[in-house]
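Hello,

Here is the structure I promised to hand over. Have a look at it first, and my notes follow below.

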Amino acid sequence: MISRIRKLVKDFSLGELRGGMRITAKELFNKKITVQFPEERIPISSRFRGLHALRRYPNGEERCIACKLCEAACPANAITIESKIREDGSRRTTQYDIDLFKCIFCGFCEEACPVDAIVETQIFDYVFLDSRKGSIMTKDRLLEVGDNNEREIDKAKEQDAKYR
């Protein structure tokens, strides 16, 4: 009976509302931590896994040897690879697609690659324009990301090597 009376008093005196207003008043005078995103960037962990990229050797040849280990290691089945044998006997990819809607950014593809061809960059601000087709990273798009960010990829690899 007494607990029921306390509950009625609390309900009619708006106890929850007063508690919420007390927290609001306290936070009103605390320092704000808002970041103006496009202009300001917060530090990203060196272990962050973002947008994928395919790398090239310094002579310009793509690194991927179409071993399909990354395709086999992908738990989400997001990677599709088709290959062809060239005149010199080496095998290279004709198709290398990653469906970013399926991808869980686990990094298994990067770990499985014996020639360090596929990497996950520090890029986190990317969008898919127009349709679902934009979510599929083709070989050309992956190579373009790798070419445009090679310096950052090398820097991240060096930092990663320090921690191993």
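In what order do the three strands of the open sheet stand? The order is β2-β3-β5, and the pairing is antiparallel. At the edges are β2 and β5, each with a single partner strand, so one side of each has no neighbour in the sheet. Strands here are DSSP runs of E with at least two residues, helices are runs of H or I with at least four, and both are numbered from the N terminus. Two strands count as paired if DSSP finds at least two bridges between them.

Before the rest, a word on the source. This is a predicted model, where local features need pLDDT of at least 70 and side-chain atom pairs count only at pLDDT 80 or more, while totals for chains, interfaces and linings use all residues. Residues are numbered from 1 along each chain as its sequence is written, and side-chain values use heavy atoms, with hydrogens and water left out.

**The sheet**

Strand β2 (residues 79-85) and strand β3 (residues 91-99) are joined by seven bridges in the antiparallel sense. Within this pair, Ile81 stands opposite Tyr96 of β3. The hairpin they form has five residues between the strands, and Gly89 in it takes a positive phi near 95°.

**The core**

The largest nonpolar core holds 23 residues, and those with the most contacts inside it are Leu54, Cys70, Ile79, Tyr96, Ile98, Ile118 and Met137. A nonpolar core is a set of buried Ala, Val, Leu, Ile, Met, Phe, Trp, Tyr and Cys residues joined through side-chain atoms within 4.5 Å. Buried means under 20% relative accessible area, exposed means over 50%, and partly exposed is in between (1.4 Å probe, protein chains only). At least two residues of this core come from each of β1 (52-54), β2, β3, β4 and α5. The largest share, three residues, is from α5. Leaving out residues up to four places away in sequence, Cys70 touches Ile79, Ile81, Tyr96, Cys109, Ala112 and Ile118, where contact means heavy atoms within 4.5 Å.

**The pockets**

How much space lies in the largest pocket? About 850 Å³. Its lining has 29 residues, and Ser46, Glu110, Glu120, Ala156 and Asp160 lie nearest its centre. The search used a 1 Å grid over the protein atoms alone: a pocket is an open set of points where a 1.4 Å probe fits, with protein on both sides within 12 Å along at least five of seven lines, and lining residues have an atom within 4 Å of a point. Grid points are joined across faces, edges and corners, and the volume is the space filled by probe spheres set on the points.

α4 (108-112), β4 (118-120) and α6 (150-163) each give at least two residues to this lining, with the largest share, nine residues, coming from α6. By class, the lining has eleven nonpolar, seven polar and eleven charged residues. Nonpolar covers Ala, Val, Leu, Ile, Met, Phe, Trp, Tyr, Cys and Pro, charged covers Asp, Glu, Lys and Arg, and the others, Gly among them, are polar.

The second largest pocket has about 160 Å³ of space. Residues lining this pocket include Leu51, Leu100, Phe128, Met137 and Arg141. Helix α5 (residues 139-148) gives the most to this lining, with four residues. The classes here are eight nonpolar, two polar and two charged.

**Backbone and surface**

Most residues other than glycine have a negative phi. Which values do Ala66 and Asp116 take? Ala66 has a positive phi near 55°; this residue sits in the loop between β1 and α3 (69-73) and is buried, at 3% relative accessibility. For Asp116, in the loop between α4 and β4, phi is about 60°, and the residue is partly exposed with a relative accessible area of 21%. Leu14, which follows α1, also has a positive phi, near 60°.

Helix α1 (residues 2-12) lies largely in the open, because zero of its eleven residues are buried. Glu111, in helix α4, is exposed at 55% relative accessibility. The C-alpha atoms of Glu111 and Ala73 are 8.8 Å apart, with the two residues 38 apart along the chain.

Best wishes
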